[in-house]
Amino acid sequence: MDAVLDNLDVFVDGFTTTLTLTMLAAVGALVLGTLIAAMRVCPAPPLRWAGAGYVNAVRNTPLTVVFFLAVFGLPKVGVSTTFFRFAVVALTVYTAAFVAEAVRSGINSVASGQAEASRSVGMTFNQTLTLVVLPQAFRNIVPPLASVFIALLKNTSIASAFAVADATQNMQGLINANGSAVIWILTATALGYVALALGAAFLFGLLERSLTAAR
Amino acid sequence: MSDVVLYDVQGPKARRRVLLYSVGAVVVLLLLIALAARRLAENGQFEADLYRPFVDEPQLYERLGVGLRNTLKAAGYGLVLAVLLGVVLAFGRLSRLWLFRLPAVGVIEFFRATPLLLLILFFFLAFPLAFGTRLEPLTALVLGLTLYNGAVIAEIIRAGILSLPGGQSEAAMAIGLRRGQTLRLVLLPQAVRIMLPSLVSQLVVLLKDTSLGFIIGFEELLRIGGQVVQVLDNPIQLYVVIALIYIAINLSLGRLASWIESRQRRTLGTALPAEQPEGGLGKV
């Protein structure tokens, strides 16, 4: 117990890194994922195929393999940067596929009369998608997006294996220094993740309630 | 088409325009591929030495085969144990006794919200220190996978049971079955059919997660890949091959899930209730 209380700052540092990693990758994945979802519903077949190919390939690859490709592969083509940035790239690329699926299901959930109505007032595909369908889709997909982002929060722990000082890596450092308190340190870290996940679920719940349109 | 149609049936003019965009899109995509290829070429990633081992090095495939077998072994054990744990937890959560229900809810919610890596590290790092026995990496990995996926599968099973029509449990009670018997003999067998597609999808997640074993030194596909890369120094080529192996297995599993789903839709037909949120055990 003392090992936890004495090293509270190490926990705080670790979870700050975890949260930063989560936020950066979440924003990146939201942008990239929405773009891919738009590609998957657009009229041009090559873009649809490219989007579907991306989603199918990335969703069926373990995140760890994406990490290995980023951390060991990118330096081979002359891209070298910090491990933290590699982790953001890997998490963004991976999570974007799941965001794309969530957004696509949201687009499909918008009543088809909406798209028909916007077409009948002469809107183009881009206008229909960005002005009418996507704004409504995002309201519907808050719950699935919430689970994607909570999964992302948990997935950031994999970065600890690639020299990123997140909560999980700091935990391992603490365990090495205080072997006898290992149960306490592990439990405290797990509870930290649970608290963050519950907090995120709560915030997304608020968001969902404020966005849901009365029908 | 099942998707929402965001654009009209195309006339001659629109078809021309879409064709134009399509050609433009192909050009842009090819340009991106060309840029990536040039980058790879500039850094000597197309040199034959990096690819030759895939052709004339049978040992490479032997090693990858060992890794793949270990990956499948961990996934197999993990799946069986996770389904068993999932059934126990789901029954616990559906129980009318708070003595069973509350712990089940707590266990499910805790393990679903904890990173899997943390659970694996618990069995690998904390268990030996706390109980004085070292666990094999395979055991630690399988136990971690079991706890996490057991919690997820419990929710899948619960959703399956709750989706059954209320008449099923009412009929079971009417012929005098106790609640445990109702769950075990009437509801679970029917729920299994409904949840089979979700279960197969969860197997994809489980299979992918076995790759976390590399962190604790379990010689699964990815770890073996890492060892091979140290010799051959071709991370891009080798990890892409490993990714393709995972993709091939998981795409087949996904195919299987949707095949089961379409088969069920055909055979069960209208027997499957569409949505019955308050049916089944919810009312009891």
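The structure described here is a predicted model. B:Gln59 belongs to helix H3 of chain B, which spans residues 58–94. Its C-alpha atom is separated by 18 Å from that of B:Ala48, a residue 11 places away along the chain.

Chain A contains 10 helices and 0 strands, so its elements, read from the N terminus, are α-α-α-α-α-α-α-α-α-α. Along the principal axes, the C-alpha atoms of this chain fill a box of roughly 70 × 45 × 25 Å. Of the 215 residues in chain A, 48% are buried. Among contacts in chain A with a separation of 6 or more, 76% are made by residues 24 or more positions apart.

The largest nonpolar core has 122 residues. The residues with the most contacts inside this core are A:Phe67, A:Ile107 and A:Ile185 from chain A, together with B:Leu6, B:Ile161 and B:Ile242 from chain B.

A:Thr128 lies in helix H7 of chain A, residues 125–140. With a relative accessible area of 0%, A:Thr128 is buried. Beyond its neighbours within four places in sequence, A:Thr128 is in contact with A:Ala115, A:Ser118, A:Arg119, A:Met123 and A:Val133, and also with B:Leu6 of the other chain. In chain B, B:Gln202 is part of helix H8. B:Gln202 counts as buried because its relative accessibility is 10%, where the limit is under 20%. Apart from residues up to four places away in sequence, B:Gln202 touches B:Asn149, B:Val152, B:Ile153 and B:Ile156.

Helix H7 of chain B, residues 166–174, has B:Gly166, B:Ser169 and B:Ala172 as buried residues. These three lie on the same side of the helix, because the arc they cover around its axis is only 135°. Helix H8 of chain B, residues 179–209, is included in what covers them. Just after H7 of chain B, B:Gly176 has a positive phi of about 85°.

The contact between the chains involves 58 residues of chain A and 48 residues of chain B. About 4400 Å² is buried between the two chains, and 74% of this area is on carbon and sulfur atoms. Polar contacts across the interface number 9 residue pairs. On the side of chain B that touches chain A, the elements giving two or more residues are helix H1 (12–42), helix H4 (98–113), helix H5 (116–131), H8 and helix H10 (235–268). H10 of chain B gives the most to this side, with 10 residues.

The side chains of A:Lys76 and B:Asp233 form a salt bridge with an N to O distance of 2.9 Å. This pair joins two chains, because A:Lys76 is in the loop between helix H4 (63–73) and helix H5 (83–109) of chain A, while B:Asp233 is in the loop between helix H9 (221–232) and H10 of chain B. A:Lys76 is partly exposed, with a relative accessible area of 27%. B:Asp233 is also partly exposed, at 42%.

Other salt bridges lie within a helix. An α-helix has 3.6 residues a turn, so residues three or four places apart point the same way. A:Arg104 and A:Glu101 pair at 3.5 Å, N to O. These two are separated by about one helical turn because they are 3 residues apart in helix H5 of chain A. A:Arg104 counts as buried at 19% relative accessibility, and A:Glu101 is buried with a relative accessible area of 19%.

In chain B, B:Arg112 forms a salt bridge with B:Glu109, with the closest N and O atoms 3.5 Å apart. Both residues are in helix H4 of chain B, 3 residues and about one turn from each other. B:Arg112 is partly exposed, with a relative accessible area of 32%, and B:Glu109 is partly exposed at 31% relative accessibility. A network of salt bridges links B:Arg112 and B:Glu109 with B:Arg93, B:Glu155 and B:Arg158.

Terms used:
Residues numbered from 1 in each chain as written. Chains lettered and ligands numbered in written order. Predicted model: local features only at pLDDT ≥ 70, side-chain atom pairs only at ≥ 80, totals over all residues. Heavy atoms only, no water. Core = buried A, V, L, I, M, F, W, Y, C linked by side-chain atoms within 4.5 Å. Buried < 20%, exposed > 50% of the residue type's maximum accessible area, 1.4 Å probe, protein only. Helix = DSSP H or I, 4+ residues; strand = E, 2+ residues; numbered from the N terminus. Contact = heavy atoms within 4.5 Å. Arc of directions from axis to C-beta. Buried area = accessible area lost by both parts, 1.4 Å probe. Polar contact = N/O pair within 3.5 Å; in protein donor to acceptor, adjacent residues only side chain to side chain. Salt bridge = Lys/Arg side-chain N within 4 Å of Asp/Glu carboxyl O.
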